[in-house]
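This report covers the salt bridges, the sheet, the nonpolar cores and the confidence of one protein model. Please read it alongside the sequence and the structure.

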Amino acid sequence: MLKTTTPSIDGHKIEQYLGVVVGEAILGANIFKDLFGSITDVIGGRSGAYEREMGKARKLAFSEIEAEARSMGANAIVGIDLDYEVVGEKGGMMMVSVSGTAVRYR
């Protein structure tokens, strides 16, 4: 399925707008990842554990919008917006939200 952040598909005509699709994933980070992330923040560098978790959450959210768009008969999603939020008590969880418009194009 074609996915784009732009409102159109260059060189193609959008024949039908089918509706907004949304995918969300909330993942918690365990105490060891939190500790490692804190140490990395203090000494500098990147936290591979958090980067992996963010990647998992993003893939889950994209899978959700693709499944929803397919169920509507879409062959593309345009205008995709991707948001990351820290949620939960003391920011213990991470939420990724992906939204866009399911369309049929030729």
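Arg 70 and Glu 66 both lie in helix H2, four residues apart, which is about one turn of the helix. Helices here are DSSP runs of H or I with at least four residues, strands are runs of E with at least two, and both are numbered from the N terminus. The side chains of Arg 70 and Glu 66 form a salt bridge at 3.5 Å, N to O. A salt bridge is a side-chain nitrogen of Lys or Arg within 4 Å of a carboxyl oxygen of Asp or Glu.

The model is predicted: local features need pLDDT of at least 70, side-chain atom pairs count only at pLDDT 80 or more, and totals for chains, interfaces and linings use all residues. Residues are numbered from 1 along each chain as its sequence is written, and side-chain values use heavy atoms, with hydrogens and water left out.

**Salt bridges**

A search of the whole structure gives three salt bridges, listed here.

| Pair | Distance, N to O |
|---|---|
| Lys 3 and Glu 66 | 3.1 Å |
| Arg 106 and Glu 15 | 2.6 Å |
| Arg 70 and Glu 66 | 3.5 Å |

Lys 3, Glu 66 and Arg 70 are linked in a network of salt bridges. Relative accessible area under 20% counts as buried, over 50% as exposed, and in between as partly exposed (1.4 Å probe, protein chains only). Glu 66 is buried, at 17% relative accessibility, while Lys 3 is partly exposed at 34% and Arg 70 is partly exposed at 49%.

The side chains of Arg 106 and Glu 15 also meet in a salt bridge. This pair links distant parts of the chain, with Arg 106 in the segment after E4 and Glu 15 in strand E2, 91 residues apart. Arg 106 is exposed, with a relative accessible area of 59%, and Glu 15 is partly exposed at 47%.

**Sheet**

The protein has two helices and four strands, in the sequence pattern β-β-α-α-β-β. The strands form an open sheet in the order E1-E3-E4-E2, with mixed pairing. Its edge strands are E1 (2-3) and E2, each of which pairs on one side only. Two strands are taken to pair if DSSP finds at least two bridges between them.

Strand E2 (residues 14-28) runs antiparallel to E4, joined by 13 bridges; one of the partners in E4 is Tyr 105, which bridges to Ile 14. Strand E3 (residues 76-87) pairs with E4 in the antiparallel sense over 10 bridges, and Tyr 84 has Val 96 as its bridge partner in E4. E3 and E4 form a hairpin with five residues between them, and Gly 88 in the turn has a positive phi of about 90°. E1 and E3 pair in the parallel sense over two bridges, with Ala 76 in E3 as the bridge partner of Leu 2.

Ala 76 is buried, at 0% relative accessibility. With contact meaning heavy atoms within 4.5 Å, the residues that Ala 76 touches include Met 1, Leu 2, Ile 9, Val 103 and Tyr 105. The C-alpha atoms of Ala 76 and Tyr 105 are separated by 7.1 Å, although these residues are 29 apart along the chain.

In strand E4 (residues 93-105) lies Ser 97, which is buried at 15% relative accessibility. Its contacts include Val 22, Gly 23 and Glu 24, as well as Asp 81, Leu 82 and Asp 83.

**Nonpolar cores**

A nonpolar core is a set of buried Ala, Val, Leu, Ile, Met, Phe, Trp, Tyr and Cys residues joined through side-chain atoms within 4.5 Å. The largest core has 14 residues, of which Val 21, Ile 65, Ala 69, Ile 77, Ile 80 and Val 98 touch the most other members. E2, helix H2 (48-71), E3 and E4 each give two or more residues to this core, and H2 provides the largest share, five residues. A second, separate core of five residues includes Ile 9, Ile 14, Ala 76 and Val 78.

**Confidence**

The predictor's confidence in each residue is pLDDT, from 0 to 100. The mean pLDDT of the protein is 85, and 81% of its residues reach 70 or more. Confidence is lowest in helix H1 (residues 31-43), at a mean of 51, and highest in E1, at 98. Where pLDDT is low, the predicted coordinates should not be read in detail.

Terms used:
Lists of a residue's contacts leave out its neighbours within four places in sequence.
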